[in-house]
Amino acid sequence: MGGETYETAKPKSSYPVRSAHPVGQWIPDIYKSRIGQFYAGGQYEENNLRAMMNEAVVSGSPHVKLSVWHAPNLSRPTFKEATKHKFEKTSVGQSFGPSWSTHWFKIQLTVPSELRKKELLEFHWDANNEGMVWTEDGNPLQGLTGGGERTEWVLPESFRDGKEHTFYIEMACNRMFGNAAGGDSIQPPNPDNYYQLSKADIVAVNSETRQLYIDIWVIGDAAREFPADSWEQHKALKVANEIIDAFELGNQDSIIKGRRIAQEYLGKNVSSSKVYETGTKPLVYGIGQCHIDTCWLWPWAETKRKVARSWSNQCDLMDRYPEHRFAVSQAQQYKWLKQYYPYVFDRVKDKVKKGTFQPVGGSWVEHDTNLPSGESLVRQFVYGQRFFESNFGDRCQTFWLPDTFGYSSQLPQLCRLAGMTRFFTQKLSWNNINKFPHTTFNWVSLDGSQVICHMAPAETYTAEANFGDVRRSVTQHKSMDQDETSLLVFGKGDGGGGPTWEHLEKLRRCRGMSDTVGLLPRVHMGNSVEDFFNNIEKRISEGLNLVTWYGELYFELHRGTYTTQANNKRNNRKSEMMLRDIELLASLASIKGSYKYPKKDIDDMWEAVLLCQFHDCLPGSSIEMCYDDSDELYAKVFETGEKILKELQEFFGVQAVENPKSKERLAALNTMPWHRREIISLGNGQAGVACGDGNLLNIKTFKIAETPEVTVKDIKDGVFVLQNDQLRVQVDRGCITSLYDRLAEREVIPEGGKANQFVIFDDKPLYWQAWDVEVFHLDSRKVLSSGATKVVQSDAHQVSVMTETKISERSWVKTYISLSAAFKGQQSYVEMHSEVEWREDKKFLKVEFPVDVRNTEASYETQFGIVRRPTHYNTTWDMAKFEVCCHKFADLSEHGYGVSILNDSKYGFATCGNLMRLSLLRAPKAPDAHADMGRHDIRWAILPHQGDLGSTTVRTAFNFNNPLKLVQAPETLDASAFSSPIKLTGNKSLVLDTVKRGEDDEDVSRGELMKRKGKSVILRIYESLGGMSKGTIETTLDIKKVWKTNILEDDGELVKFEKGKADITLKPFEVATFRLQL
């Protein structure tokens, strides 16, 4: 007993009893920094992963022979033209230029025997500028970017036969962002840039090293960007450092080992599209995109080449990456491709059929939406959708405007009328005052129409497909409580390019990471834009209620674009008006008689105008070359338009005249759809009165009454009073110090106020000169003092005074204030016309109108309606609208009375309290150093009115922008010429804005789509003031049926038509299209 020992079961453990050596805690920041060093350039690139990127590099003769032909005079010759010439020997190290020049290189390449069996052979070319690879027989294959980006072209298998092969590279002497000097891309181009050819090599790429490079890049991002308190971040840091530790310079097995280690974090399928086949639900949908500004820091001619370079790249990537989906808008760019690069267009067409290349947008270009007229917005969709349908068999379902400077309030309605229910953008993420609160929402138009709007939460349309882009697609998503999905739109952009192989490889790793360790939102490739929106629409049908945003999507930046490049904006307004006139008169002529509707000319004119409405052209934010281009294009538009109008006048039996000398019958050509009674000058101080509601108005002699109907008097030194039966205007040194409404017995100008006062501001925005005007510019307001006023006209029908204002030693304004005789029952207005010599530097010229009217909101004409904006600064949202866009008028009204400011071809405006301010001219120096310099003619008017804002302002603004045109008409002209065969009667808020022929009428169609039998007339009518309105379409034409259609002229409901009349009812701000079938 006692002393016994018992065997007890001991737990087995491999844990050592004694510590073998000290082990320290990792210092995270140091180990994170080590990751980037492993694959970066710099002092270690000969010792790190970069040193094993290539198995071999061969350059120079006999394997790479180079010769060149220099295109003369900045020309851009075709392949056929270029290869006719003799090429001279050249070499790496040579420089080529100047800016915008083109150089064609012949490359004669022989792959050395030791490289022929290598897995991946590429030709690397880098001259730090753009280029295009062409086959020996003239097919464009792939674009090159330069500067280290997209410098590779995968050599065809046929090049491995040991023989010499020839191909060509077309070098464009511009970088992706043009030719700006000094490294700041928005500065005016340097005309003397030269580009050195630094690389022309055959490269055997180490594919596994390239793959490991992407592996550790993405794992390193996870180590840097995942939360420090997450195990996923610590795991990423550990895996990345294990890869680095496993690496041995020159040892391919260490590369393979590193890739196996990477699989612990990324999974096994990241080297193929199989990574997306896990069946797990994604949150983020990747869409390749190549935003090419149709003009910006380069001219249109270069854009045509950018399109071919960029889109051929994507066709190539689709062959190598089956998951790649690429969305592209802008029918104009497709048309250029079809016209100038048919080989690439055929490749694109094939990819469209396969569903990998996806036309989106539905518009002619990615246009500005603030400045174009309502009808221009319609035609963007008409011409865009018709191109897509006729070339690819389908219309677009998603409107695509990622980079436009704000979005007008009628776009949702027009989208729906163009067959689109979705809208994609992201530009409001640039707001510099308030953060827009939604990601996915219902955007509601003035009339109540809605579209699903999605703003990419990654807040870019040129994402680099990085780990952070995927992560931000959730962390910055503002609508997660309703729909958590989002689009990630990635690819090099603005200057083109699109996705690269690196982008696609990175996204594969991001997906693999999500399915292996989690935390990162799951990204998916292989779905279309439409698939993404279809899922949201499905959820809406199942009960999802998205939040709503009513009215305009005002962009709190780039407000200067309402004013910059005044001449360009004037050309836009004038061409829009001209096209309206031509379509109206040509429609009537082609229906009435044998006149052939000039569809091709009209199409060419519209396509030119729509092109110039691109969102960097019309807003004024392009380089000077672009405005040389647009001036030339507008000149052609006006030349064609004048020719058509002359032919139409001959058809109607009239002839334009400026200074009538004969005693022939005079008439006024009118294209407005309502009764007009106006004084029209006959020259030599004589005037007539044009009156009527047809397209030709009779002119009667202006009778001089015993008591003058309008007078001008000098009441004291330099102070004049202009007066008619309705208004009394006091002018002192160019300023209106009193505007008395004699009928309302009311003073319009507050006591001590001065209307028509020129003011000038310092205009130095934080960065974007042509784009921005910042709120602080208002603090620099300086009143411009004027010289003495003098009388320059004192005719029985009109009086005028003139004042000269000195702006600086180089700039001046000469302003005429005119008042015409008033007609009973028709509101009179005060008209101003200024001739401006403008030679300023970063200044902003405006004209002010203080009015004795009080309202917390002012009204501004927008496309097909009115938008109301605050006149106060209660909140930052209110203050952000310190400069806004208007079309033909702005109005400040209180109950029973108001004042409208009319303009001809101006768009910038502000109303602060009771101070109305029209923006006239800016003087930015980038990207166009000469923007707005020179002579300008500007018209505006003050229209006081009794009652609230109404049809008086709407119609007068139309008339102000559409002056009557004096014509001679023979005495034998039939009376029917003086009446319109189509009239709109009823509520005066209804505007008959457009009369045109049906796009597919058999006598008009150009054959793009199926012809429609017979003739038809299209009417576009809108409700202009915001109330349900009834009217009647009355016509003397032989109409069989009337259809209400969408803007694409698809027949909808049949409208009751009896005895030449069709009654219609429009909802507030509704845009309605009717097709009258003859």
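The secondary structure of this protein, a predicted model, comprises 18 helices and 56 strands. With a radius of gyration of 34 Å, close to the 31 Å that the globule rule gives for 1078 residues, the protein is as compact as a globular protein of that length.

**Overall dimensions and surface**

- The C-alpha trace spans about 140 × 85 × 65 Å along the principal axes of the protein.
- The accessible surface of the protein amounts to about 42400 Å², and carbon and sulfur atoms hold 47% of that area.

**Burial and contacts**

- Buried residues make up 61% of the 1078 residues in the protein.
- Among contacts in the protein with a separation of 6 or more, 74% are between residues 24 or more positions apart.

**Packing of α3 and α4**

- Two packed helices are described by the angle between their axes and the distance between the axes.
- Helix α3 covers residues 207–225 and helix α4 covers residues 231–246; their axes come within 8 Å and cross at roughly 145°.
- The crossing of α3 past α4 is left-handed.
- By residue class, the contact of α3 with α4 contains eleven nonpolar residues, one polar residue and no charged residue.

Methods
Residues numbered from 1 in each chain as written. Predicted model: local features only at pLDDT ≥ 70, side-chain atom pairs only at ≥ 80, totals over all residues. Heavy atoms only, no water. Axes fitted to C-alpha atoms, helices over the stretch in contact; angles between N-to-C directions. Helix = DSSP H or I, 4+ residues; strand = E, 2+ residues; numbered from the N terminus. Left-handed = near helix turned anticlockwise from the far one by under 90°. Nonpolar A, V, L, I, M, F, W, Y, C, P; charged D, E, K, R; others polar. Rg over C-alpha atoms; globule rule 2.2 N^0.38 Å. Buried < 20%, exposed > 50% of the residue type's maximum accessible area, 1.4 Å probe, protein only. Contact = heavy atoms within 4.5 Å. Areas by Shrake-Rupley, 256 points an atom, 1.4 Å probe, with all protein chains shown as cover.
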